[in-house]
Amino acid sequence: MSNTSSLLNKKTLLETGFANGLPSSSYPERVLQIGEGNFLRGFIDWMFFEMNKIGEFQGRVVALQPTPRGKVVPKLNRQDCLYTLIQRGIYQGTTVEKIDVIDSISRGINPYSDWEEALKVAESPDIEFVFSNTTEAGLQYVDESFDEAASPLSFPGKLVSLLFHRYTIFNGEKGRGWMIIPCELVENNGVVLKELCKKLTLNWGLPESFWTWVENECSFCNTLVDRIVTGFPHGEEQQLADRLGYQDELMTVAEPYHLFVIDGPTELQEKLPFKKAGLNVYFDDITSYRELKVKLLNAPHTLLASCGILYGVETVREGIKDDLLGNFIIHAMMEEISSTLQPKEKESSSQYIHDIIDRFLNPFLHHRLLDISLNGYSKYRTRVMPSLLAFKEVEGAYPKRLAFSLAALTSFYKVVEEDKEANKFFGHGPNGLYEIRDSHDVISKFREFWEKYDGTTECTTKLVKELVVNDLLGEKTLSEAEGLSIFIAKHIMMLQELGMEKTLEFIEQ
């Protein structure tokens, strides 16, 4: 095929003969999904596809764009909501490559331009479930006003507005609530989301009877998700188009491994028959699963993102293969993070780390550090900071690698160029400019830091303490701020003078 290959859609799929039956095409919409990014498409939407393939779930997904800047919904709708998922890697000792065209999404909606259509979804008696992944930054309180005719900006705001509309349409009828299953990597994500929704309900002055209905008729489930989804296969798109016979703007690559743990009501297992489709899903308490996964998979990703980009590597695999950077990450996992684990998790951590490193080294995945860096500040707070504080409590000193990574994160957020028209911000590393993608508040915080930075120990320590450490530590541990701020300030100054490679050599000596 040439560059003029047809774009993936239902017609193209039939013409190429690649059709796999489109198992979901005739099923009703049963799921509202807030988020439409690579992870949800390579994880949850694939799971619905697998269930529909054996006739078990028999439902489709409506995908709601979570932020005004989203670019996926137009592409979804252009492709009749079809996209290609490529699973490849080493699984149970065997090389795997499996290609599916996923059809579990029925349509994408931009709520900022078509809020009425989103409200109609809330009116549907068939919609039973809400899934989401808006990253850690999405599970934050946003002080915004309630306007029935317009979409709120925040994810909790959208959810409350849609629930209130459903409550109103069905007049508070029993059995019309939703099972809400957030997939954000936040501890007790279901509980956190519910509290945010309750706060908005009170601040918006919505009727008390509405929240009583939510309490009685809706379930907010805590979850844990685990799958590396690297997204679009940059650099391979034409080769894959030649092979498949079509162009796909939403092609997504994932590892074969997957794990989904849901802590919810007992009837959920019947309503979501993941196990019948052979999927690695557990309906269980997530505490032990989460301890290992967040600390030994997600935290190293966050460390790699800022350190790796400033070091000059572009992917997880490239970073772990590098002797200096790879040793830094592995030592952080084995010597600093592992020592903070509970006895049960610590016992299995050595094998788990070995498995994680194998996954990081998967030769078929090109997991871009720039993708991982999205909303990196809130990720650091939830993924790395708990281990840093726990290590100090156990060992009496700060873990040098985890603490250094905060200096690297601060350096990563140094804006050197801005595209005001596109509202984009850029830092600079050994490979040139890289985009810094985070909330306006986070970018503003670090811009203030670097505007005031003068390279002196006194000034740097003061800025680190006031703008970064105090925020991350919280009121209960502010007494710890001084020592940590001095350490971080020292290494920010080293990074500015020597660069990442020389500073890492100093850390690892």
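Which residue in S12 is the bridge partner of Asp 226? The partner is Leu 259, and the sheet around this pair is one of the topics below. This is a predicted model, in which local features need pLDDT of at least 70, side-chain atom pairs count only at pLDDT 80 or more, and totals for chains, interfaces and linings use all residues. Residues are numbered from 1 along each chain as its sequence is written, and side-chain values use heavy atoms, with hydrogens and water left out.

**The chain overall**
- The protein chain has 22 helices and 16 strands; helices (H or I, at least four residues) and strands (E, at least two) are DSSP runs, numbered from the N terminus.
- Its radius of gyration is 23 Å, close to the 23 Å that the globule rule gives for 509 residues, so the chain is as compact as a globular protein of that length. Here the radius is taken over C-alpha atoms, and the rule is 2.2 Å times the number of residues to the power 0.38.
- The C-alpha trace spans about 65 × 60 × 50 Å along its principal axes.

**Sheet S9-S12-S13**
- Three strands make an open sheet in the order S9-S12-S13, with mixed pairing (two strands pair if DSSP finds at least two bridges between them).
- Strand S9 (222-226) and strand S13 (281-283) are the edge strands, and each pairs on one side only.
- From one strand to the next, the twist averages 10 degrees.
- S9 and strand S12 (residues 259-263) run antiparallel and are joined by five bridges.

**Sheet S14-S15-S16**
- This open sheet also has three strands, in the order S14-S15-S16, and its pairing is antiparallel.
- Strand S14 (417-419) and strand S16 (432-436) stand at the edges with a single partner strand each, so one side of each has no neighbour in the sheet.
- The twist here averages 35 degrees from one strand to the next.
- Three bridges link S14 with strand S15 (residues 424-429), and Asp 419 has Lys 424 of S15 as its bridge partner.
- Five bridges link S15 with S16, and Gly 429 has Gly 432 of S16 as its bridge partner.
- S15 and S16 form a hairpin, with two residues between them.

**Helix H11 against H18**
- Helix H11 (residues 287-311) and helix H18 (residues 400-412) have axes that come within 9 Å and cross at roughly 60 degrees. Axes are lines fitted to C-alpha atoms, for helices over the stretch in contact, and angles run from 0 to 180 degrees between N-to-C directions.
- H11 is therefore oblique to H18; angles under 35 degrees count as roughly parallel, over 145 as roughly antiparallel, 65 to 115 as roughly perpendicular and the rest as oblique.
- Residues in contact (heavy atoms within 4.5 Å) include Leu 303, Cys 307 and Leu 310 of H11 and Phe 404, Ala 408 and Phe 412 of H18.
- By class, this contact of H11 with H18 has nine nonpolar, three polar and no charged residues. Ala, Val, Leu, Ile, Met, Phe, Trp, Tyr, Cys and Pro count as nonpolar, Asp, Glu, Lys and Arg as charged, and the others, Gly among them, as polar.

**Helix H11 against H13**
- H11 packs with helix H13 (residues 323-337) at an angle of about 150 degrees, with the axes 10 Å apart.
- H11 and H13 are therefore roughly antiparallel to each other.
- Among the contact residues are Lys 295, Leu 303 and Cys 307 of H11 and Phe 328, Ile 329 and Met 333 of H13.
- By class, the contact of H11 with H13 has 14 nonpolar, one polar and one charged residues.
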